[in-house]
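Dear colleague,

My notes on it follow directly after.

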Amino acid sequence: MSEESTVESRVAPPALSCPKCEGMLPSGLGDLQCTLCSAKVRIDHPITRRKWKEEKVGCPECGKVLIVGVDKRPAHLKCASCTHHFTLTPNTPKVEITCPGCDRQLRMKRKPGARRIDCPACSTAFTVKF
Ligand SMILES: [Zn+2]
Ligand SMILES: [Zn+2]
Ligand SMILES: [Zn+2]
């Protein structure tokens, strides 16, 4: 099996808002573009970079825990124990939203902009915005 396998990083960069439109910026570091107003913003955060470097992940193939040692995401890693290659993908921030129809907690990826949600439990349609 040489399928490309991925592991999601557990270290999320800080949630930041766009200096121009105050909307939520996409998660990440480096040169980001605001998905709401298209402003280009340069974000750096040494603490996140250090945490990324020191993050420990389990090899998806053999389970051995590796120290990533790379201060960016995605990171391409090779397990020292079984030589399996895998990609450590950026953390996707998730939020819990309460459905206005049935009060159920819905867990979803936190992405900038407005999104229409159809509650899987009661089919209430509503809009969330970050
Ligand atoms: Zn913006
Ligand atoms: Zn391994
Ligand atoms: Zn509902």
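Which residue in strand 7 does serine 5 stand opposite? Its counterpart there is phenylalanine 86. Please bear in mind that this is a predicted model.

The two strands concerned, strand 1 and strand 7 (residues 85-89), run parallel and are paired through four bridges. They belong to an open sheet of three strands with mixed pairing, in the order 1-7-6. Strand 1 (5-8) and strand 6 (75-78) each have a single partner strand and stand at the edges, so one side of each has no neighbour in the sheet. On average, neighbouring strands of this sheet are turned by 35° against each other, direction ignored.

Two hairpins deserve mention.

Strand 8 (residues 94-98) and strand 9 run antiparallel and are joined by five bridges. Within this pair, threonine 98 stands opposite glutamine 105 in strand 9. Six residues lie between the two strands of this hairpin, and aspartate 103 in the turn has a positive phi of about 65°. Strand 9 (residues 105-109) lies largely in the open, because the number of buried residues among its five is zero.

Strand 10 (residues 114-118) is paired with strand 11 in the antiparallel sense, over five bridges. Here isoleucine 117 stands opposite phenylalanine 126 in strand 11. This hairpin, formed by strand 10 and strand 11, has six residues between its strands, and serine 123 in the turn shows a positive phi of about 65°.

Finally, I looked at isoleucine 67, which is placed in strand 5 (residues 65-67). Is isoleucine 67 buried or exposed? Isoleucine 67 has 11 C-beta neighbours inside 10 Å and therefore counts as exposed, the limit for that class being 12 or fewer. Leaving aside neighbours within four places in sequence, isoleucine 67 is in contact with Glu54 and Lys56. Between isoleucine 67 and threonine 127 there are 60 residues in sequence and 40 Å in space, C-alpha to C-alpha.

With kind regards

Key
Residues are numbered from 1 along each chain as its sequence is written. Chains are lettered from A and ligands numbered from 1 in the order in which they are written. This is a predicted model: local features need pLDDT of at least 70, side-chain atom pairs count only at pLDDT 80 or more; totals for chains, interfaces and linings use all residues. Two strands pair if DSSP finds at least two bridges between them. Axes are lines fitted to C-alpha atoms, for helices over the stretch in contact, and angles run from 0 to 180 degrees between N-to-C directions. A residue is buried if 20 or more other C-beta atoms lie within 10 Å of its own, exposed if 12 or fewer, and partly exposed in between; C-beta atoms are placed from the backbone. Two residues are in contact if their C-beta atoms, placed from the backbone, lie within 7 Å.
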